[in-house]
Amino acid sequence: MTTQIDAEAALRPHAEHAFADELAALAAADDRPRPERWRLSPWAIAMYLLGGVLDDGTVISPKYVGPRRIVEVAVSTLATDRALLLLGVPGTAKTWVSEHLAAAVSGDSTLLVQGTAGTPEEAIRYGWNYAELLAHGPSRDALVPSPVMRSMAEGMTARVEELTRIPADVQDTLITILSEKTLPIPELGAEVQAVRGFNLIATANDRDRGVNDLSSALRRRFNTVVLPLPATAEAEVEIVSRRVDQIGRSLQLPELPDGVDEIRRVVQVFRELRDGVTHDGRTKLKSPSGTLSTAEAISVVTGGLALAAHFGDGVLRAGDVAAGILGSVVRDPAADKVVWQEYLETVVRERDGWKDFYRACREVSE
Ligand SMILES: Nc1ncnc2c1ncn2[C@@H]1O[C@H](COP(=O)(O)OP(=O)(O)OP(=O)(O)O)[C@@H](O)[C@H]1O
Ligand SMILES: [Mg+2]
């Protein structure tokens with residue numbers, strides 16, 4: 001059962017609600033052929049993800065910042081009989097892209113199975129309403145369809161998050177679904193056949209490799225698209241600024257004047273530590289154990305904005321982001337602390353115009 005709430009009041013509205021205006025404008029302008037049951041043509045979906053301007057002047061905001069080709073391959077895969085696997089290190093927008101693709105293709109991003117070590121087969125196939133089952137025996141009325149079964153029946157896009165965390169035998173349930181496009185219900189001597197429009201997007205984290213590797217039989221049913229880390233510091237600053245702005249608005253944080261200089265600094269620190277070398281290439285650095293992903297940079301800046309807005313002087317300053325950075329960098333209290341101290345003393349301290357940042361970091365590092 002879903003409880004409908006006012007989309008405006010949702011703390012985190014689904015993509016199809018948050019960007020309903022853009023999706024409607026695209027649908028109205030889109031005169032290219034659409035695969036059966038798709039809300040938009042592949043061309044319009046690529047524009048929805050990458051951003052652009054329609055003939056009538058409507059601006060479509062970019063959701064994904066990265067190579068156009070990646071988006072084109074992802075969208076066109078969904079129009080074939082192979083499913084889509086988005087792979088990448090943490091924080092590379094796998095979940096984000098999957099949600100927006102489902103919203104653009106099917107108008108519904110909520111047909112979702114969250115993969116965990118405890119995900120049972122029923123979460124992918126179907127379960128039973130036990131009261132109904134005991135009272136009347138197995139019947140269609142007693143059957144509780146999974147999101148995947150519903151997508152098959154309705155020709156929609158299903159999503160499976162963190163596929164490689166799901167135990168291997170449960171993962172294998174997907175093989176019949178993806179190759180035969182059918183889901184047998186032996187208890188009823190019946191099956192659900194996928195109708196045109198059905199496809200599936202899975203995400204998996206690179207770091208989980210080896211936890212529950214995909215079987216080669218399952219892997220063959222997927223077209224794999226690897227999402228990279230942002231190629232340049234400017235691209236990463238753009239991603240962080242854009243998302244922080246959106247999140248700030250949905251959290252109703254007071255508006256702050258431009259914090260882009262501080263955002264640039266956060267991104268530079270993250271990139272230098274992640275790459276193990278300063279941006280001028282001169283000083284080699286040790287990398288901390290955490291991933292320092294773009295997603296974490298977004299949280300650090302959002303946290304900083306809340307501090308600045310509620311307790312600061314209304315400008316995002318070094319002191320507002322220092323604690324957040326420290327929390328992201330120092331995951332392992334012993335080893336990472338050494339890495340961080342070394343970075344502070346050898347790089348940050350000597351850098352022109354970074355005195356405020358050095359002082360703020362020293363204050364929280366004590
Ligand atoms: N290239 C990018 N373009 C746009 N947004 C990005 C990009 N990279 C990261 N983000 C932002 O980072 C945030 C986190 O992304 P998301 O949760 O989708 O990552 P993920 O790859 O699923 O990570 P995990 O492996 O931890 O599940 C999102 O808010 C997303 O907007
Ligand atoms: Mg994810």
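1. Helix H15 (residues 318-329) is mostly covered, for nine of its twelve residues are buried, where a residue is buried if 20 or more other C-beta atoms lie within 10 Å of its own, exposed if 12 or fewer, and partly exposed in between, with C-beta atoms placed from the backbone. The buried residues are Ala318, Gly319, Asp320, Val321, Ala322, Gly324, Ile325, Ser328 and Val329, and they pack against helix H13 (260-275), H14, helix H16 (335-348) and helix H17 (355-365). Helices (H or I, at least four residues) and strands (E, at least two) are DSSP runs, numbered from the N terminus.

2. This is a predicted model, in which local features need pLDDT of at least 70 and side-chain atom pairs count only at pLDDT 80 or more, while totals for chains, interfaces and linings use all residues. Residues are numbered from 1 along each chain as its sequence is written, and chains are lettered from A and ligands numbered from 1 in the order in which they are written.

3. The length of H15 agrees with expectation, because its twelve residues should span 16 Å at 1.5 Å a residue and its end C-alpha atoms are 16 Å apart; the expected span is 1.5 Å times one less than the number of residues. H13, with 16 residues, reaches 22 Å from its first C-alpha to its last, close to the 22 Å expected at 1.5 Å a residue.

4. In H13 the buried residues include Glu262, Arg265, Arg271 and Glu272 as well as Ile263, Val266 and Phe270. The cover over the buried residues of H13 includes H12, H14, H15, H16 and H17, and just after this helix Gly276 takes a positive phi of about 75 degrees.

5. Helix H3 (residues 42-50) has seven of its nine residues buried, so it is largely enclosed by the rest of the structure. Among what covers the buried residues of H3 are helix H2 (20-29), helix H4 (68-78) and H5, contact being defined by C-beta atoms, placed from the backbone, that lie within 7 Å. Gly51, which follows H3, has a positive phi, near 90 degrees.

6. Strand E10 (199-205) has seven of its seven residues buried, so it is largely enclosed by the rest of the structure. Asn199, Ile201, Thr203 and Asn205 point one way from E10, whereas Leu200, Ala202 and Ala204 point the other way. Two strands pair if DSSP finds at least two bridges between them; E10 pairs in the parallel sense with strand E3 (residues 83-88) over five bridges and with strand E7 (residues 157-161) over four bridges. Leu85 stands opposite Ala202, and Thr157 has Asn199 as its bridge partner.

7. Ligand 1 is surrounded by 19 residues, of which the closest are Pro90, Lys94, Thr95, Trp96 and Ala295; a residue is near a molecule or strand if its C-beta atom, placed from the backbone, lies within 6 Å of it. Helix H5 (94-106), strand E10, helix H12 (233-250) and helix H14 (294-311) each supply at least two residues of this shell. Domain 1 (7-226) and domain 2 (233-365) both give residues to the shell, so ligand 1 lies between them, the domain bounds coming from an automatic or database domain assignment.

8. Gly127 has its place in strand E5 (residues 126-128) and is partly exposed, with 16 other C-beta atoms within 10 Å. Gly127 and Leu143 are 16 residues apart in sequence and 6.0 Å apart in space, C-alpha to C-alpha.

How values were computed. Two residues are in contact if their C-beta atoms, placed from the backbone, lie within 7 Å.
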